[in-house]
Amino acid sequence: MIRRFFPLLLAPLAACGPQGLAPPPALSSAPSQANLPVMGQDAAGLVRLFGNPDADVREGTARKLQFESAICVLDAYLYPKGSGNQRVTWVDARQRDGSPIDRASCIAALSRRDGGK
């Protein structure tokens, strides 16, 4: 009997829209950052990959290097690990107009820009 009414119990939740039980599509389909070739790189490694950064922002022990191409902008966030050098722990990418772009696609575009690999 419960099986017959179970779909009826879920109907009000479905009306709640995307905030229901499932995570938003952007979160569920986002690729893992662990597979990106920039993760764990130090600043010198990023310069070897992409050339000189377009912006270098430091705040306390953290550092953000920003790289731009005709297609996208990549922000690489570096933090010290223990007493070691700063390493990339997070990256964010966007198209030049601010629209979302796949991080791996942006990394590939940046590696082909002048001054990069």
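Leaving aside neighbours within four places in sequence, which residues is Asp 75 in contact with? The last view has the reply. The views come from a predicted model, where local features need pLDDT of at least 70, side-chain atom pairs count only at pLDDT 80 or more, and totals for chains, interfaces and linings use all residues. Residues are numbered from 1 along each chain as its sequence is written, and side-chain values use heavy atoms, with hydrogens and water left out.

**View 1. An open, four-stranded antiparallel sheet.** The order is β1-β2-β3-β4 (strands are DSSP E runs of at least two residues, numbered from the N terminus; a pair needs at least two DSSP bridges). At the edges sit β1 (55-59) and β4 (86-95), each pairing on one side only. From one strand to the next, the twist averages 15° (axes are lines fitted to C-alpha atoms, for helices over the stretch in contact; angles run from 0 to 180 degrees between N-to-C directions).

**View 2. Strands β2 and β3, side by side and antiparallel.** Six bridges join β2 (residues 62-68) to β3 (residues 72-80). Here Arg 63 stands opposite Leu 78.

**View 3. Two helices across the sheet.**

**View 4. Asp 75, a buried residue in β3.** Its relative accessibility is 3% (buried means under 20%, with a 1.4 Å probe and protein chains only). Beyond its sequence neighbours within four places, Asp 75 is in contact with Lys 64, Leu 65, Gln 66, Trp 90, Val 91, Asp 92 and Arg 94 (heavy atoms within 4.5 Å).

Terms used:
Buried < 20%, exposed > 50% of the residue type's maximum accessible area, 1.4 Å probe, protein only.
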